[in-house]
Structure formats: C-alpha cells, structure tokens
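User: I would like to learn how to read strands, loops and backbone angles in a model. Can we go through one together?

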Amino acid sequence: GVETIGDGAFRSCAMLEKINIPLGVTEIGDSAFWGCKRLRNINIPQGVVSIGSSAFSRCGIEKIDIPLSLTSIGTNAFLHCSSLAAVTGESADGRYIGSGNALIDTVGGKLLKYAPMHRAEEFDIPESVVTVEGYAFESAQYLKKISMTDSVTKIGESAFENCTALEAITLPQKITDIDSYAFRGCAALKSVELPPNLENVSSLFPGCASLESVTLPDLAESISSDSFIGCKSLKNLKISADNKYYRVDSDGVLIANGLDGTENADLIVRYPSVRGGSYTVADSVGRIDDYAFDGAHLSSISVPESLGGIGNYAFDGCPYLESVTVRGDLLSFKKNCMIGYGNTPFFRLLFGNMTDIDYSLIYADDGTEISVNTAAYPSDARVALVYTLRDGKINIKFGSCKLKTVWSFIEKETWENCK
C-alpha cells in the first residue's frame with residue numbers, strides 16, 4: 001500500500017474537494033497539498049509520523065486533528081489556511097498539542113498556528129510558548145484581545161497580520177525580537193507598548209488605521225519609517241529621553257539623531273498623522289525619510305535650505321497640505337542624494353503651478369548630471385529649478401524653465417529660458 005505522499009503530489013489541485021488518506025501512510029511530503037483551496041475536510045490518519053513543510057499551505061481545510069503517531073511538522077505546514085476553525089488532538093509523546101484551537105510545539109516552545117476562524121474573542125498564549133511563529137495568528141478575524149506571559153521572547157514575521165478585530169495586545173518585557181509586518185493590517189488596534197529591549201522596529205504597523213499611540217523601545221537602534229504607513233490616526237509617539245539614537249520633538253515628530261558629528265545630520269522618521277497646522281523642519285535635519293509625512297494632516301511646512309534629501313513617498317497622501325516654503329532660496333543637496341518619487345503634492349506646491357508629475361531626481365557622484373525618471377515625466381512639464389555647482393554641493397534655485405528635450409541625463413546645456 002501507499003506509505004508516502006510525495007513532495008508536491010497534489011500541489012495546486014484547485015478543484016480537489018475531498019481526499020481519503022489511507023491507513024499505512026507514514027509521511028506527507030513537502031507542499032503535498034499546497035494550494036488545494038477547495039479541500040476543506042481531510043483526515044490525517046494514525047500512523048502518520050511526519051508532515052512536510054508547506055504540506056497544507058493555502059488549503060481550505062477547516063479542522064486539524066493531530067494523530068498520536070505524529071513526531072514532526074515542517075515549516076509553514078498550515079500557512080495561509082484562512083478557513084481553519086479548530087485544532088484538536090495531541091501526539092503520543094506530548095510534543096504537538098491542540099490547545100485552545102492553537103497548534104503548539106511544546107518541545108520547541110513554538111505556537112505554530114491559531115485557527116483563524118475560531119470564534120473566541122480573547123486568547124491567552126500558554127506559558128510553554130517562547131516563540132510565536134510567523135503568520136501564527138494571521139487573519140484571526142474574531143480575536144479582540146491577546147495576552148502572553150513573560151515566557152515569550154520572539155514574535156515572527158506577520159504573526160498577527162490582518163487580525164482586523166484586535167484592539168489590545170500585551171507584549172512581555174522580555175521580548176527581544178519582533179519580525180517585520182507583525183501587526184500589519186490590524187485595523188482596530190489603538191495602542192501598543194513595545195518591549196524596552198527591542199533594538200529593531202521594522203515595518204511593524206502598516207495599515208493599522210486606528211493606531212493612535214506607540215511607545216517605542218528604550219533601546220531602539222533602528223526604526224523604519226515604513227512601520228507607520230497608513231496609520232492615519234497616529235497621535236502620539238513616545239520614546240525614552242535616554243535613547244541616544246532617537247528623540248520625539250516638541251511637535252511629536254520622531255527624529256533620528258545624527259551621531260556622526262556632521263551638521264544637518266538628523267533624519268525625520270515619522271510625523272504624527274493627525275497633527276494639523278504648520279510644521280517647521282529644524283535646521284539640524286538633513287533628510288526626510290521615506291513615508292515620513294504619509295497621510296499627515298499638516299497644512300504647511302517650512303524646510304531649511306540645507307535639507308539634503310527627501311525620501312520616497314515622504315509626502316504621499318497629505319490632503320490638507322497647501323504651502324511649502326524654503327528658508328532661503330537654495331536647497332543644497334549633497335552629491336549622490338535623492339529626491340524620492342511619490343512626492344508630487346510637495347513639489348507642486350514648492351515649485352508653484354506645474355503639470356501633475358511624479359518624478360525622481362538622483363544626483364551623480366560628480367555632481368554634474370541629474371538622472372530623471374522620464375517614464376513619468378511629460379515633455380511639456382515646467383520644472384521650477386536650476387542647479388549650479390558650489391563648494392562640492394548641487395544647489396537648487398527656484399525659478400521657472402522648460403525643458404528643450406527630455407533626456408535620461410539632464411545636463412546644464414539642456415535647460416533654456418530659465419529665469
């Protein structure tokens with residue numbers, strides 16, 4: 001009889017609705033049923049010893065019943081099983097158990113998978129869990145509150161992604177590692193206090209539309225600005241005054257401190273979205289990070305002429321922005337810096353009336369050429385800048401001129417009728 005269901009044996013059998021795995025099967029291979037979206041009911045018979053990596057990934061299965069014989073489950077065996085409503089059973093050696101409709105590896109201390117369609121509104125992660133694996137709670141749409149004990153030290157990638165009803169989560173102080181997108185799409189989450197010993201905050205909260213307050217780690221050394229994309233309710237960012245890498249200014253703006261001893265070395269990381277009115281970028285700021293003002297309610301902004309770079313989508317989706325001014329008439333961009341794409345509203349206001357464009361300017365190492373993304377740059381666009389080379393910097397002076405021809409590399413001779 002059949003003893004092994006081989007790797008990829010039924011992969012992407014999109015029309016498969018039912019299958020009977022016979023007694024005698026001991027091994028289900030990697031990706032054996034990957035992508036069988038209509039497969040809702042499946043028996044894992046006694047005698048099955050191992051389930052391979054991604055074996056049931058992207059399946060429509062509604063229940064997992066752990067056989068007594070099971071001794072091994074591969075990585076992501078039940079990834080993206082969005083219809084899963086129950087996890088039951090326990091292996092004979094006690095390694096794998098279904099606890100509260102969550103699949104737990106007690107030997108590795110890992111919570112592997114929570115049944116996202118289980119209708120409980122609260123869940124307490126057991127004390128035996130050290131690691132919440134990647135995608136473990138993905139799309140658990142009924143959970144409103146999750147608690148965990150100090151035993152947890154790591155949360156994997158996208159662990160709570162798209163838990164759309166989640167309003168509160170308690171994060172233990174001993175956590176030292178939270179991977180990217182851990183809370184992406186948690187649309188109801190309002191407040192998070194990150195553990196103090198977390199050093200890296202990377203892409204944690206994109207799409208958390210109700211998020212109002214985040215307490216950042218005391219020991220944070222790296223905070224990515226894309227952590228807050230789409231956080232349109234963001235009011236308060238907090239960080240310890242003892243953190244040498246970051247600070248929050250008097251307007252609530254998160255700033256990375258320039259530590260290299262050079263002037264204008266600070267970086268604006270994130271502006272609190274709901275803060276309206278005007279904002280003055282400090283002279284100490286040398287660059288505005290990607291997505292820094294994403295969705296911000298500010299109406300006007302003043303930047304220093306020493307500003308050295310504007311990241312991609314730094315001013316994307318600013319519905320109330322009406323005024324952009326420069327303190328001085330020159331922006332001195334350093335060599336090889338970038339004015340990022342996705343900032344059309346900012347530059348339209350900065351340069352005055354011009355064609356609706358979305359472009360990227362990248363400065364060459366020698367400071368003599370400008371590379372323009374011509375694919376998104378209409379030939380009749382009026383570009384209100386002229387550059388000169390001074391003291392090793394490219395200086396942008398505001399005026400009005402029209403390109404004679406659109407080139408991939410724009411040289412000084414290309415500009416005509418510049419005022």
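**Reading the sheet and its loops**

Analyst: In β13, Thr131 is the bridge partner of Lys110. Keep in mind that the model is predicted.

User: Which strands do these bridges join, and how do the strands run?

Analyst: Pairing is read from bridges, and two strands pair if there are at least two between them. Here two bridges join β11 (residues 110-114) to β13 (residues 131-132), and the strands run parallel.

User: In what order do the strands of the sheet lie?

Analyst: The order is β9-β10-β11-β13-β15-β17, six strands in an open sheet with mixed pairing. The edges are β9 (96-99) and β17 (177-178); each has a single partner strand, so one side of each has no neighbour in the sheet.

User: Which value of phi does Tyr135 have, and where is Tyr135 found?

Analyst: Tyr135 is not a glycine, yet its phi is positive, near 65 degrees. Tyr135 is found in the loop between β13 and β14 (145-147). Asn162, also not a glycine, has a positive phi of about 60 degrees. Its loop lies between β15 (154-155) and β16 (168-169).

User: Why does Asn162 count as partly exposed?

Analyst: Buried means under 20% relative accessible area and exposed means over 50%. Asn162 has 31% relative accessibility, so it counts as partly exposed.

User: Is Ser227 buried or exposed?

Analyst: Ser227 is buried, because its relative accessible area is 0%. Ser227 lies in the loop between β21 (222-223) and β22 (236-238). Beyond its neighbours within four places in sequence, Ser227 is in contact with residues including Val201, Leu204, Phe205 and Pro206.

Technical notes
Residues are numbered from 1 along each chain as its sequence is written. This is a predicted model: local features need pLDDT of at least 70, side-chain atom pairs count only at pLDDT 80 or more; totals for chains, interfaces and linings use all residues. Side-chain values use heavy atoms; hydrogens and water are left out. Helices (H or I, at least four residues) and strands (E, at least two) are DSSP runs, numbered from the N terminus. Buried means under 20% relative accessible area, exposed over 50%, partly exposed in between (1.4 Å probe, protein chains only). Contact means heavy atoms within 4.5 Å.
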